[in-house]
Protein chains: 2
Amino acid sequence: MNTSTGLRGVFSPVITPFAADLSPDAKRMVRHCKWVLDQGLGLAVFGTNSEANSLSTPEKLALLDALADGGIPGARMMPGTGCCALSDTVELTRAAVGHGAGGVLMLPPFYYKGVLDDGLFASYSEVIQRVGDARLRIYLYHIPQVSNVPLSYGLIERLLAAYPGTIAGIKDSSGDWDNTRGMLERFAPQGFNVFAGSESFLLATLRAGGAGCITATGNVNPRPIVRLFETWQAADADAQQKALDAVRAVFARFPMIPALKAAVAHWADDAGYATVRPPLVKLDGHQRSDLLAALGALDFSMPGL
Amino acid sequence: MNTSTGLRGVFSPVITPFAADLSPDAKRMVRHCKWVLDQGLGLAVFGTNSEANSLSTPEKLALLDALADGGIPGARMMPGTGCCALSDTVELTRAAVGHGAGGVLMLPPFYYKGVLDDGLFASYSEVIQRVGDARLRIYLYHIPQVSNVPLSYGLIERLLAAYPGTIAGIKDSSGDWDNTRGMLERFAPQGFNVFAGSESFLLATLRAGGAGCITATGNVNPRPIVRLFETWQAADADAQQKALDAVRAVFARFPMIPALKAAVAHWADDAGYATVRPPLVKLDGHQRSDLLAALGALDFSMPGL
């Protein structure tokens with residue numbers, strides 16, 4: 001049994017809207033965050049699916065301020081703060097804690113490859129010591145297929161031993177259930193909150209003592225995902241999981257971020273949401289029609305957006 | 001025959017020294033840059049081996065200013081300016097051009113994987129248009145084993161067609177000679193300067209019409225590498241290449257950046273040069289002894305450092 005008091009539930013790496021000149025569009029972001037919050041999710045702003053790694057640190061800091069000004073509660077946020085440069089990670093993490101973030105989701109520095117666990121330990125350790133704030137709660141971010149910098153069980157063990165109050169959990173986006181299960185078995189009993197990297201493993205993660213999921217499709221299909229989190233012990237849990245999988249499978253047929261943005265733009269009736277920053281490319285007209293047709297076939301919609 | 005007027009020769013991604021508190025150490029960097037320059041090399045500051053991707057944009061901007069203040073001529077510099085975020089890349093590139101840099105070495109945005117050539121084209125295109133300076137000369141940076149974002153021939157072709165005066169060349173760090181040769185055959189006749197990613201391919205690159213190399217070991221073994229560049233048509237060129245390879249093979253037995261820094265620290269008699277930023281880890285005592293012993297066996301030294 002996981003007795004952690006840390007963050008639990010369903011979080012969405014909320015999309016970052018951009019204006020036509022490709023500057024971050026705080027107004028549209030606040031609007032979308034409010035809708036996601038209203039569906040019962042937490043906000044993993046600045047995740048992979050937020051195009052966070054296409055934003056500079058000053059742009060992220062300005063968005064954090066804009067979210068606060070827009071009334072988004074820090075306690076429901078788990079901002080991504082892990083950058084390539086230690087100095088950036090420290091600055092962003094400090095700002096997130098200052099805004100009362102319930103936690104931060106922290107990539108390891110991801111440019112250099114084949115680095116040693118000693119170096120990754122030092123990276124996280126320096127951040128924790130430099131931020132120097134007892135309120136800091138770090139959720140590690142394991143996404144080896146993108147970062148190419150995996151986080152090993154051994155590293156997690158060392159970090160938990162050194163910073164038991166601060167290292168609060170992990171998002172496992174590896175898509176490798178054996179890895180997630182191994183983390184749950186080893187670390188969940190210590191109050192370490194394991195989040196699945198998508199709703200595909202939500203039911204399995206909850207059954208194994210996990211904390212929930214952090215999922216791209218939380219931007220578009222939030223209520224049904226939250227419902228499974230809330231009723232995972234109900235008789236229809238497997239059927240719910242299957243329905244979630246069907247929606248996700250549609251989005252997974254397209255480049256995920258452009259597809260999320262196309263869906264939000266459609267249901268918000270605001271084409272501005274579809275803009276992505278290079279190196280991403282927005283869906284073309286054919287892809288957009290295919291996406292909407294496939295979602296229509298599932299009676300999918302985004303009520304209240 | 002390559003008739004380009006762009007940068008040619010041997011460039012070194014100069015190491016970035018750090019103070020004990022891990023802040024960039026401009027004073028030691030200026031000193032090392034001067035030594036490298038005096039050996040006849042150009043300065044590819046902020047390269048992979050400069051730990052550039054462990055520095056924030058403000059840290060790089062401050063170092064550019066410090067190098068200029070320290071008397072380092074911009075014309076001999078090819079700063080690395082490609083970051084994950086468009087806004088960072090634009091800011092750094094603009095600053096490099098403002099400092100009179102002979103060129104910039106530009107990674108593609110490297111977090112998102114599997115991106116389309118359309119997106120990479122848009123990334124470079126946006127930077128060129130936003131910098132909007134006729135002096136800008138871009139050397140593309142192909143290092144797929146680290147960035148995991150390869151630059152295809154098709155992309156280079158499109159960029160050259162759209163920005164013939166600005167797209168000046170490439171550093172091919174793939175280590176795949178067939179790829180380098182293909183670039184030379186296709187693009188060198190248009191005045192596109194192809195640099196090998198290390199001196200291992202220097203002779204082959206020059207024989208095939210390339211512009212030189214940009215190499216980590218330029219930090220430690222500069223004169224012999226420059227000598228091969230200057231005398232590649234001499235009878236002893238193959239023997240020179242073999243001698244360069246022997247030195248490189250020693251460094252390649254260790255993590256490259258910590259090994260370069262250990263060697264500089266040793267020959268500069270200044271342990272401060274050995275400090276690396278996490279996620280890198282400096283050589284331990286055993287590794288350091290092994291490195292120095294292996295270099296000693298080659299009668300290697302760094303005269304004048």
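No salt bridges are found by the rule across the interface of chain A and chain B. The model is predicted. Polar contacts do occur there, with a count of 16 residue pairs between chain A and chain B, both residues at pLDDT 80 or more. The part of chain A that touches chain B draws at least two residues from each of helix 3 (86-98), helix 4 (117-131) and helix 5 (144-147) of chain A. Helix 4 of chain A gives the most to this side, namely seven residues. By residue class, the side of chain A that touches chain B divides into 23 nonpolar, 10 polar and nine charged residues.

In terms of extent, 42 residues of chain A are in contact with 42 residues of chain B. The two chains, A and B, bury about 3100 Å² between them, and 65% of that area is on carbon and sulfur atoms. Tyr111(A), Tyr112(A) and Pro279(A) supply 25% of the area that chain A buries against chain B, more than any other three residues.

Within chain A, seven strands make up an open sheet with parallel pairing, in the order 2-1-7-6-5-4-3. Strand 2 (42-43) and strand 3 (104-106) of chain A are at the edges and have a single partner strand each, so one side of each lacks a neighbour in the sheet. Elsewhere in the order, strand 6 (residues 193-196) and strand 7 (residues 212-214) of chain A run parallel and are joined by two bridges. Ala196(A) is opposite Cys213(A) of strand 7.

Methods: Residues are numbered from 1 along each chain as its sequence is written. Chains are lettered from A and ligands numbered from 1 in the order in which they are written. This is a predicted model: local features need pLDDT of at least 70, side-chain atom pairs count only at pLDDT 80 or more; totals for chains, interfaces and linings use all residues. Side-chain values use heavy atoms; hydrogens and water are left out. Two strands pair if DSSP finds at least two bridges between them. Helices (H or I, at least four residues) and strands (E, at least two) are DSSP runs, numbered from the N terminus. Contact means heavy atoms within 4.5 Å. Buried area is the accessible area (1.4 Å probe) that two parts lose on being put together, summed over both. A salt bridge is a side-chain nitrogen of Lys or Arg within 4 Å of a carboxyl oxygen of Asp or Glu. A polar contact is a pair of N or O atoms within 3.5 Å; within protein, one must be able to donate a hydrogen and the other to accept it, and residues adjacent in sequence count only if both atoms are side-chain atoms. Ala, Val, Leu, Ile, Met, Phe, Trp, Tyr, Cys and Pro count as nonpolar, Asp, Glu, Lys and Arg as charged, and the others, Gly among them, as polar.
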